[in-house]
Amino acid sequence: MADVRGVPISDLTDPVAWGVHRPIAVQTPGPQPVQPRYLRRAHDESLARMVARAAEGRSGIAVLVGGSSTGRTRACWEALHGLPSGWRLWQPSDRDGLAAVPTDLFRTEPRTVVWLDDLHQHLDQPGDTGERVATALRALLADHHRSPVLVLGTLWPTHWARLTRGGSRYVQARALLSGADVPVPAAFTGPARVDLLRVAGTDARLRMAAQEARDGQVTQYLAGVPALLDRYRHAPPAARALIHAAMDARRLGHRPALPLAFLVAAAPAYLTDADRDALREDWLEQALAHVAEPCRGVPGPLHRIRPPYPGRPGPGDGLRYRLAGCLDQHGHDTRRGIFPPAGFWAAAADHVDPADQAALGDAAQARGLYRHAGRLHRSAARGNRRGVAYLLNAPDPLRTDDRPLRWAAAHATLEDPAAVAQLLDRLRRANANEQVATLLRRDPAAHVSLDDPAAVAGLLVRLSVVGAPAPVTALARRAAAHTGLTDPAAVAGLLDGLRGVGARDQVAVLARRAAAEVGLTDPAGIVPLLVGLRGVGAHDQVAVLARRAAAQADLSDPAAVAGLLDGLREVGADEQVAALARRAAAHVALDDAFAVAQLLDWFGTSGAHDQLTVLGGRVATDADHQDPALAAGLLDGLRGAGADDQVTVLANRAAAHADLTDPAGVAQLLDRLTDLGAHQQISTLLARDPAAHAGLDRPTAVAALLDQLSEAGADQQVAALADRAAAHADLTDPAGVAQLLDRLTDLGAHQQISTLLARDPAAHAGLDRPAAVAWLLHELGEAGADGQVDALAERAAAHLGLDHPILVAGLLDRLHEMGARDQARTLAGRAAAHISLDSAAAVAQLLGRLHGMGAHDQVATLLERDPAAQVSLSDSAAVAGLLDRLRELGADDQVGTLVDRLPAEGEFDLFLRLTGATYRYGREPDGRPADPWDWSEVDAHGPAPSA
């Protein structure tokens, strides 16, 4: 059945089918709506702004970050209805597997909402799958031809932290998510609580939640969280075993749809001998009835998955079950240090899908369960590239054994051309000619996917190297006629690959397709294809593509257009260079000063004087001259290109009309005008009195404007702005006030400093940014405001936000250096007692600061909270640093605790490095070193030998 490419939003009626929790049921006289009345909170306003921008035609992404059952998905559902008619909602199907998502995204049409509930399932994946998804999402959001699209996702805070941590492997994911988070609070507090009480009388479920929910956790109560947790805690042994198997599968990487066959096979391993002996013949029916029975009207702890709308098949074959979200999170939180039993891994090797087997195989390997990892990856290799890679780079017990290669040749998936190419290469290097023949008899040329032209090119080369002319010809024909054309650079690589294997006819076929059909949304991406076509001698197709690009290439990115102009010139398409230059000069977007500057520079250095004049004229007359920062950047571009007349025009317009309420932008404009020697325009701008109009809500920007006014010799305006800023600037930003004090000091504005200090910035400064508070303490000290220094130090010590432990440690240093020892001790005590213990790096740094300042009691307090048992182990370097710090402090028990946690939480390699232990055959779930094993056990049918 073909994929459903989205459902009209106007047709959406069942929020539960799209992941919104079914609410608890209560007894009422009449019928109830599907969902309780929705109460908007602060995060809904942020989401509404993003939806409004999408409705106006601008693509965007919003990711709601909060714990399970906090209302993330319901907020997305409610926000959808702010979109106009014609929009569609599309959710990538779990049954397709994650590898299909990047390809599917290329087919996304404008006015589509891409619904990615539990976004980490797509971004946090082994190998490069997650990064390919993130790259495809970024490309989708940047593609003006598919705009507008709106990506809505949800993440738990732990997943957000993992995907956005600096220095991690999630480079594309971090870039995608930057600035996209919309935090969703766990509780109804403040105004939200007032709204709840106001409307509770009109909705029986809200009324009950308002009365009974603990700590304001209303959405959790409505989702049945207390009832679900209670059902789990009091479950009979067999039902609890099913839930534990599901919890472990989810936390170790299995997708939400859990095969019932797997749960049934794994559950007995979670039972004691006595519990197993007590099982009745109908134990499964009884256990499933317990876990699936609704709790106060919401689905039970484990409930069967049904298609979200008629006609859509379920994922894979057989019955699938889903673990309730709150229990999913509970399992992540409470079972992270537990090794699943041997039967869990055996069941997974026999009963879950290849993509999930690969994920669980990686989890087993990371925990030192090498034999179980081998079985899982062997099974995964039938349909997953990661499994194939494992067999080709087998661990030590299999390294000299040729049976994994023989098995891969006979059974490994043929869908992924890169995996097949890697397998062929490995077999060739091993002189495994018989296995090469086995693999070729399976006809990989007919089965590999053609979605990745570069990978297909690599396979063609490998087929040629092993002397397989018939498969080379067959694959060349398929690829030339059917390969995807969404990536012009990859298509160029395939052209080169076809030429390299002598497939001249196919080179011609693909060249014609590519020249006529390849997308033109990325002008810079067209260049490699132009060069590739020329490289294979397809000169007619170079001309075709050049004409299309010159006439139709997207003009929204002037820098990319400049790159395309370079490419056209490189292939000798001089007429098209001229045509594109004319189009670009007349129509290119003008809202990115840096990009426009690159195109202006291209015109200037290429001798395209007419186009430089046209574009320069548009920049000077049509660009948004009311945006002072944009005008400043465009002035740079015009000057760099030598468009002196247009510099003057734009300088005149900006000086006369730029918005004066933006002090940072006006400062940039003054700076550029000064560099240009535009004295008349500076006079015009100053005559409009920017000092009187500048907004005062950003003291940092005000400080920058004071600098520029002083540089321009506008002493009266400097004094006027200094007066206004001292009397009215926002005092809540400690960094801004610190910078303002610094500038006033440089200007010798003693009276204004006194005025500013009289407003008591120490009493108003926000305390959520420790580094900014430290800077303000320094500037207050420089200004001689000792009383305010003491007052701010007291406030910070007693009330400073502790959300950023590393920055708190820096402020402790500052307090200690300035002699505020009492305040430092107070802050040290608060930090030691209350700071989050999640970050190993932050705990290590705080312990170091406390130790360095002699706060031994506070060190003891922090260690008593047992950070070794609580810090996240996701950053190996940070964990190693914390271990060093704990050893330095003589905290041997904590060192032992932390080291002991490593294997169960997937850091077995770090455990080996730190302990010097050797486990050639790995370990077993109970901690024993594994007995010697070889391929015969990995390849065995049925359950693996029990540990």
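Val899, Leu902 and Pro903 of helix α52 meet Phe908, Leu910, Phe911, Leu914 and Thr915 of α53, where contact denotes heavy atoms within 4.5 Å. These residues divide into seven nonpolar, one polar and no charged; Ala, Val, Leu, Ile, Met, Phe, Trp, Tyr, Cys and Pro count as nonpolar, Asp, Glu, Lys and Arg as charged, and the others, Gly among them, as polar. The model is predicted: local features need pLDDT of at least 70 and side-chain atom pairs count only at pLDDT 80 or more, whereas totals for chains, interfaces and linings use all residues. Residues are numbered from 1 along each chain as its sequence is written, and side-chain values use heavy atoms, with hydrogens and water left out.

The axes of α52 (residues 892-904) and α53 come within 7 Å and cross at roughly 140 degrees. Axes are lines fitted to C-alpha atoms, for helices over the stretch in contact, with angles running from 0 to 180 degrees between N-to-C directions. The two helices are therefore oblique to each other (under 35 degrees is roughly parallel, over 145 roughly antiparallel, 65 to 115 roughly perpendicular, and the rest oblique). Helices are DSSP runs of H or I with at least four residues, numbered from the N terminus.

Tyr919 lies in the loop between α53 (908-915) and α54 (935-938). Its relative accessibility of 19% places Tyr919 among buried residues, buried meaning under 20% relative accessible area, exposed over 50% and partly exposed in between (1.4 Å probe, protein chains only). Neighbours within four places in sequence aside, Tyr919 contacts Tyr370, Phe908, Phe911, Leu912 and Pro929. A C-alpha separation of 7.7 Å is found between Tyr919 and Ala930, which are 11 residues apart along the chain.

Ala546, Arg547, Ala549, Ala550, Ala551 and Gln552 of α30 make the contact with Gln576, Ala579, Leu580 and Arg583 of α32. By class, six nonpolar, two polar and two charged residues take part.

Helix α48 (residues 821-834) comprises 14 residues and reaches 20 Å between its first and last C-alpha, close to the 20 Å expected at 1.5 Å a residue; the expected span is 1.5 Å times one less than the number of residues. Its buried residues are Gln823, Ala824, Leu827, Ala828, Arg830, Ala831 and Ala832. The elements covering them include α46 (786-799), α47 (805-817), α49 (840-852) and α50 (856-864). Helix α12 is mostly covered, with 13 of its 15 residues buried.
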